[in-house]
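Please view the sequence and the structure together while reading the points below.

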Amino acid sequence: MAIFLDATFIEETEAVVKKYRKGEIIIEEGSKTFFFFYLLKGEVSVYNIASEGKIFLHHKVSENNFFGEPAGILDIPFPGYINVTSDEAKILRINRENLITYLKNNPEWSFEFLQSVAEKSWRKSELLKSI
C-alpha cells in the first residue's frame, strides 16, 4: 500500500534524503537502526540468508512505501537484509523519535501508516502458507 508523503511531513519529521547505488546494503541482519525508511525512487529487496547460504526473499519494496517498520516500531535489531536492486535508490531516512511524535500528533495519518504495516503482515502470512 503506497503512502504519499507531503512537504509538511518531511519538514515536521526532519526526514533526510540519502542516495544508494545498486547492490548497496541499507540494513544488515542484526543491526539496529534509529531510522524509519521510505523509498522515494527505485527498488529494494528485503531478504534473509539461511545458514547454507540460500537467499529467502521476503518482498521487493516499490516506490512510495516504507520498509523495515517492525524493527523501527519495536526498537529491535533488524531480522534481515535490505539492499538496492535498481540502478539507484533515493530513500528518506526518518529519525525514529521524530516519526513516533508525528504519529502521535496526526491520528488520521497514523491509521494510514498502520494499514500499510498490517497489509505487509497479511502478505507475509499468505507467503508463509505457500511454503
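In strand β8, V17 has L92 as its bridge partner. Helices (H or I, at least four residues) and strands (E, at least two) are DSSP runs, numbered from the N terminus, and two strands pair if DSSP finds at least two bridges between them. The model is predicted: local features need pLDDT of at least 70, side-chain atom pairs count only at pLDDT 80 or more, and totals for chains, interfaces and linings use all residues. Residues are numbered from 1 along each chain as its sequence is written, and side-chain values use heavy atoms, with hydrogens and water left out.

**Strand pairing**

- Strand β1 (residues 16-21) and strand β8 (residues 88-95) run antiparallel and are joined by six bridges.
- A further bridge partner in β8 is A89, which pairs with Y20.
- Strand β3 (residues 35-41) is also antiparallel to β8, and six bridges join the two.
- Within β8, L92 stands opposite Y38.

**The sheet**

- Four strands form an open sheet in the order β1-β8-β3-β6, with antiparallel pairing.
- β1 and β6 (65-67) stand at the edges with a single partner strand each, so one side of each is left without a neighbour in the sheet.
- On average, neighbouring strands of this sheet are turned by 35° against each other, direction ignored; axes are lines fitted to C-alpha atoms, for helices over the stretch in contact, and angles run from 0 to 180 degrees between N-to-C directions.

**Helix α3 and R96**

- Helix α3 (residues 96-105) lies across β3, β6 and β8, and runs at about 70° to β8.
- R96 lies in helix α3.
- Is R96 buried or exposed? R96 is buried, because its relative accessible area is 13%, and buried means under 20%, exposed over 50% and partly exposed in between (1.4 Å probe, protein chains only).
- A polar atom of the R96 side chain lies 3.1 Å from the backbone oxygen of I73.
- Leaving aside neighbours within four places in sequence, R96 is in contact (heavy atoms within 4.5 Å) with F34, F35, F36, G72, I73, L74 and D75.

**Confidence**

- The chain has a mean pLDDT (the predictor's confidence in each residue, from 0 to 100) of 89, and 97% of its residues reach 70 or more.
- Among the elements of the chain, β1 has the highest mean pLDDT (97) and helix α4 (residues 107-129) the lowest (77).
- Where pLDDT is low, the predicted coordinates should not be read in detail.

Definitions and conventions: A polar contact is a pair of N or O atoms within 3.5 Å; within protein, one must be able to donate a hydrogen and the other to accept it, and residues adjacent in sequence count only if both atoms are side-chain atoms.
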